[in-house]
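Good morning, everyone, and thank you for making time for this. Please have a look at the sequence and the model on the screen, and then I will take you through some parts of it.

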Amino acid sequence: MKSLLSTLLLCGAAAFASAQTSVSDYVPGAVENGVVYFLPKTALQVDIEIEKKTYKPGEFARYGERYLGLKDVVAEGGTEWTMKKISLKQRGVPDKEKAYFIKYKDNTSAVLVSLSEEGILQAINTRPQTKDRREREDMGGGRESVKKTDVQQYMTQEILMANSTAKKAELIANEIYSIRESRNLFLRGEADNMPGDNESLTIILSKLDEQEKALTELFTGTVEVEDITYTVDVIPEGNLDAEPIFRFSKAFGVVDSDDLCGEPVYMTVEGADIIPEPAEVEEKKKSNKYEGVIYNIPGMAHVSLFTKDATLIERDVMIAQFGTTEVLTNNLFNKKTATKVLFDDSNGGLVRIERE
């Protein structure tokens, strides 16, 4: 995720002379000579990978067996959805109740603050980790789209002029047999106009295959396959007990959790009791002043996703809402120390802290 790098440097070298990092609750309109950051809430992001098959019957489907001996044809149009894979990850969303302002003061080393695009604190005096994260609600992908072929370019004038559906089907079938015969002649090296090199022969055979496929699909019909990924976000404020988060239907795919046309997929979140904040932090909240940088200590939760027939995912995760906040004291950022701090922007917890 692209980071917004907020650098609070007002006087060049004077930025490292002796004072404390001043942090307070954010009041809209009061930002001056500082940077505002949010601590995150943890969203449980459920990615559902779906395969969508669209069936389209051929124009001459009822003549497929009579003229070509075809038994497996698409007789009726429709759509079929299959849930191929479901995955769970955590991502951070700004907690609007945990917005803080770091005020620039002379002689503090806490001057380089990295924020996410949404303003979540990611790092101090270092660069944040990069993450490969797919955050989408409805995105096709995975399969290359197939270019449609204009089948009429492969029809003879006799076919196009045929005055009945049955006659046209018969003539198209004859054309298919003619294409197959031509291909066999080229493969045996008996065609009247054999090319002089293998590359040209490959091109001719490929064109014949393309023609046969396009004409045959007028009898067999087509099945178009598309891969789609849906995303459902759940932001638990407490324990969840078998909460339906979406439903799945073979006829309609992913539908809302209250749409009875699909079978529900449930989520259970079981965590320890929410940890109370330390008394000193509570005391500082009353005055809106903190002696350092506020960060999250997330709590552990057990998350499971399941249907009535099977468990899909079961995992322990760290969730910001199930934890509390703490303060990185000012002595980590005095003029003698260039402390580097890395946070997990999915839950606001400490990942790494280095003192130099």
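I will talk about a sheet, then a patch of charge, and then salt bridges. Please keep in mind throughout that this is a predicted model.

Let me begin with the sheet, which is open and has five strands in the order E10-E9-E11-E13-E14, with antiparallel pairing. At its edges we find strand E10, residues 253-255, and strand E14, residues 311-329, each of which pairs on one side only. If you compare neighbouring strands of this sheet and ignore their direction, they are turned by 35° against each other on average.

Now, how many bridges join E9 to E10? There are three, and the two strands run antiparallel, with E9 covering residues 240-249; within this part of the sheet, Ser249 stands opposite Gly253 in E10. Towards E14, we come to strand E13, residues 292-306, which pairs with E14 in the antiparallel sense over 14 bridges. Here Gly292 stands opposite Thr329 in E14, and E13 and E14 together form a hairpin, with four residues between them.

Let us turn to charge, where Asp241, Glu243, Glu270, Glu314 and Asp316 gather on the surface in a patch of negative charge. Which elements give two or more residues to this negative patch? They are E9 and E14, and Glu243, for instance, lies in strand E9.

Finally, a search of the whole structure finds 13 salt bridges, and one of them deserves a moment of our time. The side chains of Lys56 and Glu224 meet in a salt bridge, at 3.5 Å from N to O. This pair links distant parts of the chain, since Lys56 belongs to strand E3, residues 34-56, while Glu224 belongs to strand E8, residues 222-234, and the two are 168 residues apart.

Terms used:
Residues numbered from 1 in each chain as written. Predicted model: local features only at pLDDT ≥ 70, side-chain atom pairs only at ≥ 80, totals over all residues. Heavy atoms only, no water. Pairing = 2+ DSSP bridges. Axes fitted to C-alpha atoms, helices over the stretch in contact; angles between N-to-C directions. Patch = residues over 30% accessible without salt bridge, like charges linked within 9 Å, V, L, I, M, F, W, Y side chains within 5 Å. Areas by Shrake-Rupley, 256 points an atom, 1.4 Å probe, with all protein chains shown as cover. Salt bridge = Lys/Arg side-chain N within 4 Å of Asp/Glu carboxyl O. Lys, Arg positive; Asp, Glu negative; His and termini not counted. Charge placed at Lys NZ, Arg CZ, Asp CG, Glu CD.
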